[in-house]
Each structure stands twice: as structure tokens, then as C-alpha cells.
Amino acid sequence: MALSSRMIVVIILIGFTFSLVGAYDYLSLALKWQPGYCRREDITITCQKIVDDNFTIHGLWPSSQSGPHPKYCHTDLRGKFLDQKTIKSLIPGLKISWPSSTGADEELWEAQWDKHGRCYYDGNTHRQYKYFQTAYNFWSGFNLFDTFKAEGIVPVKGGKLYTTEAAIKAFRKHYSQDTVTYIPEFKCSTPKPSSPSELYEIIMCLDHDGNEPINCTTTSPSCGKQFLWNSEK
């Protein structure tokens, strides 16, 4: 039976939808060091307020081991827009853990849901709540700033150099399960060719549904063997 052009389009759209929503391998919890992030020269950003005493959530991103990471996935109307009422009980914690450095916090949450959260959506309204709850719970549980501080790794005004190996060792000391230790991914920028890489973000990897942490297996970490951690705003 010959298919009309309209039927072909519908079939393609259906296939496209299911190939994106939920089609990812793991979740990346991006924890931002705002002073370093706001100094990045590879992006255009104007920071109005900067948290300099803790890492904050940048986003929770469905990620793929190979190929492009999914973004702006197609969903029904319930999944397309963030319902503030759904996450109302989480908002006090999100104000602390997931603040925006460039504007209203709510605008950041909506933008992150639109770009990344929709790919985590499964057709159930509770999925929005779980998305933000998962990010908050792991941010709180990892407590990266205090973890590094306990091992003498702290940001200094003007910057101090640390080896990536020392930072990973500090993290492993505090976070392991049985014989498994979790390796994060360190993200750095290089303001000038001769300058050391400056830390602006740490990625923690979680399993597909955000139940357990897993190793980050990136083959191209941007910090190299050492990084500068600067507390200066």
C-alpha cells in the first residue's frame, strides 16, 4: 500500500519523538563554581550576583556516551512547561542550591527544564518534581565544597593551583560504596594561552534514572593535570 506524504511525515515525527525522550545513557549533574564560571571568556555572560562559598547547581543533563547529548526534546504540553506548583515544596532548597547568577532563579529553572529536563520527562507530571528533587538531593549529598575543604583544598583570592589527582583523591576518600569509587569530571577555562586552567564546574555522573552515582568516563577533561581555584569575584 502506498503511503501518502502526510502519513510519512507523521511516522517520521513519531519516530523522532521516541528517539529523543528518554534516549540517553546517564545524567550529568553540573555543579558550578560561580566565580570561575563568570570569568569565562568563551561565553557571553553578565553576572549580577555570585555565590563564592559553595558550588551551585548548573543543571541536570541527560547525556549520551557517544553522539550528541539530547536537548529540547519533544513532549506533550504537560512536559513542555515547568509547573511551579509541582516543585513548590522544593523551592526553598532550590533557592540555595540552584540560584541564578544572571537573573531570576525561576527563569534559570525554566530554561534548564526546557533544554534538558524535557528529555528526562516520561509523560507523568511527577517527573518534574523528581528531576529537581534528584538534582537537589545529590547536590546536598555530595557537598563538594566542604569535602574539598576537609582535605585542605580551598579557593583562594587570586587563585591557588591544585592537581586534579589530589582533588579526585580527596573526593574518593569521602565518597565510595563497597569497592566502587566515583570519579567526577573537572571543567576548566583558560583565560589566556599562558595562564593555568581555571576551575569553573565539576560534573557528577548519575545512572539513567538518577538513583545512583557512577563514574564519569569522559575522554577529554578540560582541566588537565592541574587547575587554578580562584575565589575572587
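**Close-up views of a predicted model**

View 1. Asp-105 is buried, with a relative accessible area of 7%, in a model that is predicted rather than determined by experiment. From Asp-105 the side chain reaches the backbone nitrogen of Ser-100 at 2.8 Å. Once neighbours within four places in sequence are set aside, the residues in contact with Asp-105 are Lys-49, Lys-95, Pro-99 and Ser-100.

**View 2. The largest nonpolar core of the chain.** This core holds 45 residues, and the members that touch the most others are Phe-55, Phe-132, Phe-148 and Trp-229. Helix H6, spanning residues 126-142, gives the most to the core, with six residues. Apart from this core lies another, made up of six residues, among them Tyr-26, Ala-30, Ile-203 and Cys-205.

**View 3. The contacts of Phe-148.** With neighbours within four places in sequence left aside, Phe-148 is in contact with Phe-55 and Trp-229, and also with Ile-153, Ala-167, Ala-170, Phe-171, Phe-186 and Ile-202. In soluble globular proteins, nonpolar side chains tend to be buried together.

**View 4. The protein chain as the setting for the close-ups.** The secondary structure of the chain comes to eight helices and nine strands, and buried residues make up 44% of its 233 residues. Of the contacts between residues at least 6 apart in sequence, 74% join residues at least 24 apart. The chain exposes about 12,400 Å², of which carbon and sulfur atoms supply 54%.

Terms used. Residues are numbered from 1 along each chain as its sequence is written. This is a predicted model: local features need pLDDT of at least 70, side-chain atom pairs count only at pLDDT 80 or more; totals for chains, interfaces and linings use all residues. Side-chain values use heavy atoms; hydrogens and water are left out. A nonpolar core is a set of buried Ala, Val, Leu, Ile, Met, Phe, Trp, Tyr and Cys residues joined through side-chain atoms within 4.5 Å. Buried means under 20% relative accessible area, exposed over 50%, partly exposed in between (1.4 Å probe, protein chains only). Helices (H or I, at least four residues) and strands (E, at least two) are DSSP runs, numbered from the N terminus. Contact means heavy atoms within 4.5 Å. A polar contact is a pair of N or O atoms within 3.5 Å; within protein, one must be able to donate a hydrogen and the other to accept it, and residues adjacent in sequence count only if both atoms are side-chain atoms. Accessible areas come from the Shrake-Rupley method with a 1.4 Å probe; for residues, only the protein chains shown count as cover.
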